[in-house]
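Let's take a friendly walk through this protein chain. Have a look at the sequence and the 3D view first, and then read on.

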Amino acid sequence: MSEAADNTLRLALERIKELGNLSEEKGRLTRTLLSPASREVASRLMAWMEEIKMQVSHNAMGTVRGVLPGTQPRALPLLIGSHFDTAVGAGKYDGVLGIVVGLAALERLAADGIVLPVPVHLLGFADQEGVRFHTTYLGSRGVCGDFDEATYALRDDTNTTLSTFLALAGWTEDSTDIEYAPGSARGFLEVHIEQGRVLEEAGQPAGLVTAICGQSRVVGSVRGRAEHAATTPMELRHDALTGAAECLLAIEKMARENPPLLASVGKMQIDPGTSNSVPGVASFTLDLRHPEDAVRAEFLEKLRARCSAIVTQRGLKLEWRVVLDHDGVSCDVELGRRLAGALTTATGAVPRLASGAGHDAVIMAQVAPIAMLFVRCRGGLSHHPDEFVAEKDVGAAIEVVFRFLKSFLVGG
Ligand SMILES: [Zn+2]
């Protein structure tokens, strides 16, 4: 590793550690929208961006931006970013890694005296996890103009609306609007921990994300008849829970037989839910993901039909309510080609994987083509204090982004 690479890596690791100590809770890392800890992180990010002569600004939501001009002032900017809020009791890499790695790659360019033709904007979003207002992506939605009255009317646990909260706690001093219209940027790159075990299994430090999966959420309710457990013979029962259990196994079977389909039942509710009753109603949630929206829709219907057949055969009824249906987002082929080239040079391999989890890039896809680089994290663990990325993997990610950026020197 060159001395410049060594220095930027050391600095990046120190920064990840430093930001990991800025929390609003004692003893664990929790950082939510516009909290004092969030404001402190924003200030430090801006100070670091200024060190490489970026023009820095922030908006009232607490999102920060550094702008590095290019040699072609009229060229559309390339955006790099991720979020710096955290889940409750989180790890220090989720989100922050993407901002710090982006900054480190820009420092490598500066150390080599390289100025790109395209301007580069480094973005740190103040809210992605949505801990305070129970909705994700407020930071990236804010810069894409993806806000409506319903968003401002969202309420936190103190019953305060987002608009009131911003009026009281918004970072209005010296704030400027940060806005991107559709087509106003060359691309958006997000570096993020994988939060899964694919790269670890493959023995690779980083990988190219091909798409961010769409997602459907269903609440299924199996209805039977609640009866006394002591007095109802087995052959006369309409047990909703055993019917639901058979549905769950059928759901698992279909997903197992059709990779990369992911189907998860994470929550169940039984009524009346007492030990001496035959369950009358058993409700379950279903989270369904697939990189291809049409395939996801097809399986959603197949699963509904399968569950319906199972419960009908048992003399039960099924209610099937789709409560969320988000299409997936494909990563850009041309940006992916650049990222693949950078990966090949930096790590010698280009593992490709789809992201099951949502990221800021999903929202930024409204305004620009997107690219994502996943970085290996130990055991796929995230949203946990033990979340961990090896130092050399952080180094590999910086090297990949550095080379990705340098690819813009040729052919804009
Ligand atoms: Zn994240």
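## How two helices cross

A crossing is called left-handed if the near helix is turned anticlockwise from the far one by less than a right angle, and right-handed if clockwise. The crossing of α10 and α12 is right-handed. Helices here are DSSP runs (H or I, at least four residues), strands are E runs of at least two, and both are numbered from the N terminus.

The axes of α10 (residues 333-347) and α12 (residues 391-406) come within 8 Å and cross at roughly 130°. Each axis is a line fitted to C-alpha atoms over the stretch in contact, with angles from 0 to 180 degrees between N-to-C directions. The two helices are therefore oblique to each other (under 35 degrees is roughly parallel, over 145 roughly antiparallel, 65 to 115 roughly perpendicular, and the rest oblique).

## Where the model comes from

This is a predicted model: local features need pLDDT of at least 70, side-chain atom pairs count only at pLDDT 80 or more, and totals for chains, interfaces and linings use all residues. Residues are numbered from 1 along each chain as its sequence is written.

## The two domains

The domain assignment, which is automatic or from a database, gives domain 1 (3-212 + 328-409) and domain 2 (214-326). Their centres, taken over C-alpha atoms, are 38 Å apart. The contact takes 5 residues from domain 1 and 6 residues from domain 2, where contact means C-beta atoms, placed from the backbone, within 7 Å.

## The whole chain

In total, the chain has 12 helices and 16 strands. Its C-alpha atoms fill a box of roughly 80 × 50 × 40 Å, taken along the principal axes.

How values were computed
Contact = placed C-beta atoms within 7 Å.
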